[in-house]
Amino acid sequence: MNSTEVLEQWADRSGAYSPDYYAYYGPNETSELLRERLESSLESDASVLEVGCSSGRHLAHLHDHGYENLAGIEINDEAFDVMEEVYPDLAADGQFYCDAIENVVTEFETGAFDAVFSVETLQHIHADNEWVFEELARITDEYLVTVENEGSEDDRESDDGAVNYVDGDFPLYYRNWNDVFSEYGFVEVDSQSLKRDTFRVFRLS
């Protein structure tokens, strides 16, 4: 599956892992963990970007707890219809971009956001588009948070290029995000293992 096919698949996704799917479940333990970690370091007026925000459940949780300057990127246009229905206050107050991450991040100024985070999104970036990680580092002024399925060390070193096709459908690329973002001047300041993901917090050194 090439990079264009991956993007098209997420743009058109319905059913499992679609905007409706995530809105149905709403904010979860990850939402709470993100909020607690951001609150320990940033004021409520901090600019925060989520890449791959879907219908906005994590951002909605931040908004409900006083964060005022929120933005999101999402390729599936259905997400914004769902957001307006389920999280209308967030939809009205946030700044959102309906496009692929790869098409948006280059337009932001360096250090545009105090914090940038991703929940199970960067793991689906095609190997051909790994340049986007440096762009995410560029636009982050202070904190970068990844909540991604990194697999095991054996997974990342496997002969198939450290990729797993979820349900035989869309690709999940196993990456160690500390290795990725340490190359761009970030230092890991927190890390913990969740049920299937690794939660990492990086600070620009």
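Two strands are taken to pair if DSSP finds at least two bridges between them, and helices (H or I, at least four residues) and strands (E, at least two) are DSSP runs numbered from the N terminus. The model is predicted, so to speak of local features requires pLDDT of at least 70, side-chain atom pairs count only at pLDDT 80 or more, and totals for chains, interfaces and linings use all residues. Residues are numbered from 1 along each chain as its sequence is written, and side-chain values use heavy atoms, with hydrogens and water left out.

Strand E1 (residues 47-51) runs parallel to strand E2 (residues 69-74), and 5 bridges join them; Val-48 has Leu-70 of E2 as its bridge partner. Both strands belong to an open sheet of 7 strands with mixed pairing, ordered E3-E2-E1-E4-E5-E9-E8. At its edges lie E3 (95-98) and E8 (186-193), each pairing on one side only. From one strand to the next, the twist averages 15°.

Helix H4 (residues 57-64) lies across E1, E2, E3 and E4 (113-119), at about 175° to E2; axes are lines fitted to C-alpha atoms, for helices over the stretch in contact (heavy atoms within 4.5 Å), and angles run from 0 to 180 degrees between N-to-C directions.

The largest nonpolar core has 25 residues, and Val-48, Leu-59, Leu-62, Leu-90 and Phe-117 have the most contacts inside it. Such a core is a set of buried (under 20% relative accessible area, 1.4 Å probe, protein chains only) Ala, Val, Leu, Ile, Met, Phe, Trp, Tyr and Cys residues joined through side-chain atoms within 4.5 Å.

Note on methods:
Buried means under 20% relative accessible area, exposed over 50%, partly exposed in between (1.4 Å probe, protein chains only).
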